[in-house]
Amino acid sequence: MIDPSMDLDALKSVWRDEPALDDAASLQALRREAQRQTRRLYATVAVECVGTAAAIGLFVWLAGGAATTAGRIAYLAIGVLALAVQGWMLWLRRKVLRARAAAPHEYLELQAQRSRVAMRLAWLALIGGPVGVVIGLALGRWAPSEGAAVAIDVGGRSVVALLVLGLVAMLAYAAWVVRRERRRLAATERALGELQ
Amino acid sequence: MSDLGDRFETLLAAHAPLIDRILSAYERRPAVRAELRQEVAVALWQALPRFRGDSGLNTYVARIAHNVGVSHVRRDAREGPHAELDETLPSDAAAPEYETSREQQRRQLADAIRTLPLGQKQVVVLHLEDFGHAQIAATLGIGEGAVAVRLTRARQALAAILTESGRTTTEEQA
């Protein structure tokens, strides 16, 4: 048993009795893991960029089929807005993308930052989704585009159902992300408080 | 192998015991600790290209091991308490009756350190690793005054925990 009155300095040799690592991790496996994590992070951003590019393409196509100049400008403006939102998302993520291990409190602050960014993006989807639908419907009525009309004519109800399903899935996912990140943020802030 | 790969291999081999001791302050279960070791190694590998050499390698490695430990504690707090392990499962630790007195002391000390609050735990572990106040401050990103305060508090808390665990063991043996 350890004598409780023992000085911390006297405990150093007891503490350092820990046996050395018996299973040195495979360096190759570690490299693969490190590369996988980096690839996953950038893949997420790449998928978002592809999505934005597709959205911009769609709006340009709709603008091409718009009956009036005002309608054409409105569709192009939404395309520019999509580009701006993607740029804003990248700007929000700039710190997360350049994440590095630093002091514990900085590390926790990074975790908190990650949660805040994820929550902001999820809120953007929660608010932006329905707003986008409203704007889309209003625009469709005010400035009908030949392309959209053709797509709905050809696809019929399945196009509308697909859009509604996509919107509902996106809203459910965003709501789940907000709840998860709120819990994470609370736990991170507790740990940060403990470190102060 | 690249220069970076060589540096990494040397770093990992030289600091393996330090990493394992730091992790033992955060996690008791050997299997989970082995996973954390992997996380530390991955984090070290990712962070090595950014190591500028303005702090010692010990400080750098300890900082990353603590980061992984803190992250583990945070994750554990979020996911709630784990189910107790089946006692019949094989463990790499010696059974208590076969432990030498020295091993018992080491286990008792690690158990006591794990119960300390996070801030005190980090300071004590680094002090036991022979880090000076300035080095501890640099590793944890706090002031030297805060190191001294936490160390004093940790010393008192540790004495109380060891007294209590000694009393419990004596009662069990009686």
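What share of the 174 residues of chain B counts as buried?

## Chain B overall

The answer is 47%. Buried means under 20% relative accessible area, exposed means over 50%, and partly exposed lies in between, with a 1.4 Å probe and protein chains only. This is a predicted model: local features need pLDDT of at least 70, side-chain atom pairs count only at pLDDT 80 or more, and totals for chains, interfaces and linings use all residues. Residues are numbered from 1 along each chain as its sequence is written, chains are lettered from A and ligands numbered from 1 in the order in which they are written, and side-chain values use heavy atoms, without hydrogens and water.

Chain B has seven helices and zero strands. Helices are DSSP runs (H or I) of at least four residues, strands (E) of at least two, numbered from the N terminus. The accessible surface of chain B is about 8,500 Å² (Shrake-Rupley, 1.4 Å probe). Carbon and sulfur atoms hold 53% of that surface. Among contacts in chain B with a separation of 6 or more, 68% join residues 24 or more positions apart. Contact means heavy atoms within 4.5 Å.

## The nonpolar cores

A nonpolar core is a set of buried Ala, Val, Leu, Ile, Met, Phe, Trp, Tyr and Cys residues joined through side-chain atoms within 4.5 Å. The largest one has 47 residues. Leu44(B), Leu109(B), Ile113(B), Val124(B) and Leu158(B) touch the most other members. Helix H1 (12-15) of chain A gives two or more residues to this core, as do elements of chain B including H1 (3-24) and H7 (144-173). H3(B) supplies the largest share, seven residues.

## H4(B) against H5(B)

The axes of H4(B) and H5(B) are 9 Å apart, at an angle of about 150 degrees. Axes are lines fitted to C-alpha atoms, for helices over the stretch in contact, and angles run from 0 to 180 degrees between N-to-C directions.

From H4(B), Leu109(B), Ile113(B) and Arg114(B) take part. They meet Lys121(B), Val124(B), Val125(B) and Leu128(B) of H5(B). Five of the contact residues are nonpolar (Ala, Val, Leu, Ile, Met, Phe, Trp, Tyr, Cys or Pro), two are charged (Asp, Glu, Lys or Arg) and none is polar (the others, Gly among them).

## One aromatic pair

The whole structure holds one aromatic pair over all chains. The ring centres of Tyr173(A) and Trp176(A) are 5.9 Å apart and the planes stand at 35 degrees, so the pair is tilted. Rings of Phe, Tyr and Trp (its six-membered ring) pair if their centres lie within 6.5 Å; planes under 30 degrees apart count as stacked, over 60 as edge-to-face and the rest as tilted.

Both residues lie in helix H7 (residues 157-195) of chain A, three residues apart. Tyr173(A) is exposed at 53% relative accessible area. Trp176(A) is partly exposed at 47%.
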